[in-house]
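Biologist: Could you take me through how the helices pack in this model, one question at a time?

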Amino acid sequence: MEHAIRISCTRRNLKVVRDFVSDFLLRYHLTDLLVNQIVLAVDEVVANLIIHGNGEDESQFLDVRARILNKEFGIEIEDTNLTSYSPASYREPDLQEYVRIGKKGGVGMMLVNRIMDRVEFTTNGGHNLCRLYKKIG
Amino acid sequence: MKITQQSTENTLTLSLDGELDASSSVVLDTELSKPEILHNHKVLVNCQKLNYISSAGLGVFISHLQRFQDAGVKLVFFNMQEKVHNVFEILGLDSLMTIVPSEADATAI
């Protein structure tokens, strides 16, 4: 079963996506902890795409599609902006160093990578697609 | 995100109510950025009604921790819900920050 939602690129819609994901997961009777982790991972990617990928341009949209297949949660987040995320350049940050220098951002993808089983970013003809997967059974 | 403040001698308690995400964390950042907050010996953060935290919320605490430590101000979290505590654990922040079960524990520090 697949569920889908389209949102415009504003931070106000972060809560909309979180509710979409938690409502979708409701029927699978998962623990609060697991639901929160999955919702968080999706929220982090969506926030990055809204704020950094699309510059909070409300005329731009994200398409979000969630499904469960073979006891695995999967979600696709798609947009059409020209800025694409390059996971190859990602290095896990040193949090002690972040504390020392007072850095405010930069731990979102660390959460995503530690929570989800698979994290994929692809770009094809102006379409950026992020896929996240997590076993739930 | 609603933040309620309670001040006693040398201790400021901030009670967080709601969700700390990339949209709402600016409110918390504004509170923690105020210079007068460093006049306290302790800043206690009551997380009982904090239902959600994302990296943006964590980032606010990460960015102020050293400033608080340099000023001799203890930042202590208490009454944290399990799912929120789990987010701190995933990053190992529970070993960099002081998180205790109850207000009594926080006051005793």
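**Helix packing in chain B**

Modeller: In this predicted model, the crossing of helix 1 of chain B and helix 2 of chain B is right-handed.

Biologist: Are helix 1 of chain B and helix 2 of chain B roughly parallel or roughly antiparallel to each other?

Modeller: Two packed helices are described by the angle between their axes and the distance between the axes. Here helix 1 of chain B, residues 25-33, packs against helix 2 of chain B at an angle of about 15°, with the axes 9 Å apart. Angles under 35 degrees count as roughly parallel, and the two helices of chain B are therefore roughly parallel.

Biologist: Within what arc do the buried residues of helix 1 of chain B fall, seen down its axis?

Modeller: The buried residues in helix 1 of chain B are Ser25(B), Leu28(B) and Leu32(B), and what covers them includes strand 1, strand 2 and helix 2 of chain B. An α-helix has 3.6 residues a turn, so residues three or four places apart point the same way. Thr30(B) and Ser33(B), on the other side of helix 1 of chain B, are exposed. The buried residues of helix 1 of chain B line one face of the helix, because seen down its axis they fall within an arc of 60°.

Biologist: Which helix of chain B gives the most to the side of chain B that touches chain A?

Modeller: In the contact between the chains, 23 residues of chain B meet 26 residues of chain A. Helix 2 (55-70) and helix 3 (82-91) of chain B each supply at least two residues of the side that touches chain A. With 10 residues, the one that gives the most is helix 2 of chain B.

Key: Residues numbered from 1 in each chain as written. Chains lettered and ligands numbered in written order. Predicted model: local features only at pLDDT ≥ 70, side-chain atom pairs only at ≥ 80, totals over all residues. Contact = placed C-beta atoms within 7 Å. Helix = DSSP H or I, 4+ residues; strand = E, 2+ residues; numbered from the N terminus. Axes fitted to C-alpha atoms, helices over the stretch in contact; angles between N-to-C directions. Parallel < 35°, antiparallel > 145°, perpendicular 65-115°, else oblique. Left-handed = near helix turned anticlockwise from the far one by under 90°. Buried ≥ 20, exposed ≤ 12 C-beta atoms within 10 Å, placed from the backbone. Arc of directions from axis to C-beta.
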